[in-house]
Amino acid sequence: MATDSPRDQIFAKPQQVVDFAFTAAVADVFPDMVRRSVPGYETVISQLGVLARRYAQANSAVYDLGCSLGASTLAMALQVREPQVQYICIDNSEAMIQRCEQRLQRQLPAGSFQTLCADICQVPMQSASVIVLNFTLQFIESAQRQALMQRIYEALLPGGVLILSEKIKFTDVQQQALMTELYMEFKRANGYSELEISQKRSALENVLLPDTIEMHQERLKLAGFGESLVWFQNFVFASILAVKA
Ligand code: GEK
């Protein structure tokens, strides 16, 4: 992914903090923001390529839900060898989807992808071999998460997979405290000031609502996934692979 994006300075100055939104200003600095805010983001992105290479099926759809600038799709499209795979990128931020469309147009063959500005809780999905929710479910209202998971399960072909990456929380109070502190160190090490860290945390407080790994796995089970496996974890971030039998 491009790392030459402008530097994220959105919370650098003292401000009246409002709920975080995926505006044009955020979209412009997103590659830098996500790389300095999500430990292991680049690893997860490149491994999505490896996972898609393993699970994408010929004549099927690959959905990137909450695609932002399309980094997950680009990583997957670079690796998948099966013919007639259609990449469908969905995001409800106009700013993100416009930039995503431009990026994909530059890098993928015309006709191999679609971009859609829409709410992933409303869009019909079908014939999917791979569905990616890369750090997106955390922004969906808790009450809507099970229904979305159900629709994802139903949209998958047999042998299809969901890859679910999320910020997570821990039931154990000490583990939660330690992992949060380590995550803060990660942000400091990446050049974020105490002011930036605390203002961003306030902005995300009502917007990004993490679940525990156990809650995710329970939800996946209820949706019909026989098995789900944590394949990546780094401080308060994790990714789960769920296979439809
Ligand atoms: C990546 N997956 O680079 N419908 C559609 N999109 C939504 C919705 C919704 N209801 N809610 C939030 N989004 C990307 C990174 S970022 C993660 C994903 C982060 C979108 C939102 O507009 C944003 O682009 C994305 O989900 C979350 O691998 O910023 O931490």
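**The cavity and its surroundings**

Author: A search of the whole structure, which is a predicted model, finds one cavity of 30 Å³ or more. The volume of this largest cavity is about 40 Å³. Its lining is made up of Asp 8, Ile 10, Phe 11, Lys 187, Tyr 192, Glu 196 and Lys 200. By class, the lining residues comprise three nonpolar and four charged residues, with no polar ones.

The ligand site may be described next. There are 21 residues around the ligand, and those that come nearest are Tyr 41, Gly 66, Ser 68, Asp 91 and Asn 134. For Tyr 41, a polar atom of the side chain is placed 2.5 Å from a ligand oxygen atom. Ser 68 likewise uses its side chain, in which an N or O atom is 2.8 Å from an oxygen atom of the ligand. Gly 66 takes part through its backbone: a polar atom there is 2.8 Å from a nitrogen atom of the ligand.

Arg 103 belongs to helix H4, residues 94–107. Its relative accessible area is 11%, and it is therefore classed as buried, the cut-off being under 20%. A polar atom of the Arg 103 side chain lies 3.0 Å from the backbone oxygen of Leu 69.

Phe 237 is located in strand S8, which covers residues 237–243. With a relative accessible area of 3%, Phe 237 also counts as buried. Neighbours within four places in sequence being left aside, the contacts of Phe 237 are with Ser 37, Val 38, Pro 39, Phe 135, Glu 166, Lys 167, Ile 168, Tyr 183 and Phe 232. One of these partners, Pro 39, is 198 residues away from Phe 237 in sequence, yet the two C-alpha atoms are 7.2 Å apart in space.

Key:
Residues numbered from 1 in each chain as written. Predicted model: local features only at pLDDT ≥ 70, side-chain atom pairs only at ≥ 80, totals over all residues. Heavy atoms only, no water. 1 Å grid on protein atoms, 1.4 Å probe; cavity = no way out; pocket = protein on both sides within 12 Å on 5 of 7 lines; lining within 4 Å. Points joined across faces, edges and corners; volume = space filled by probe spheres on them. Nonpolar A, V, L, I, M, F, W, Y, C, P; charged D, E, K, R; others polar. Near = heavy atom within 4 Å. Polar contact = N/O pair within 3.5 Å; in protein donor to acceptor, adjacent residues only side chain to side chain. Helix = DSSP H or I, 4+ residues; strand = E, 2+ residues; numbered from the N terminus. Buried < 20%, exposed > 50% of the residue type's maximum accessible area, 1.4 Å probe, protein only. Contact = heavy atoms within 4.5 Å.
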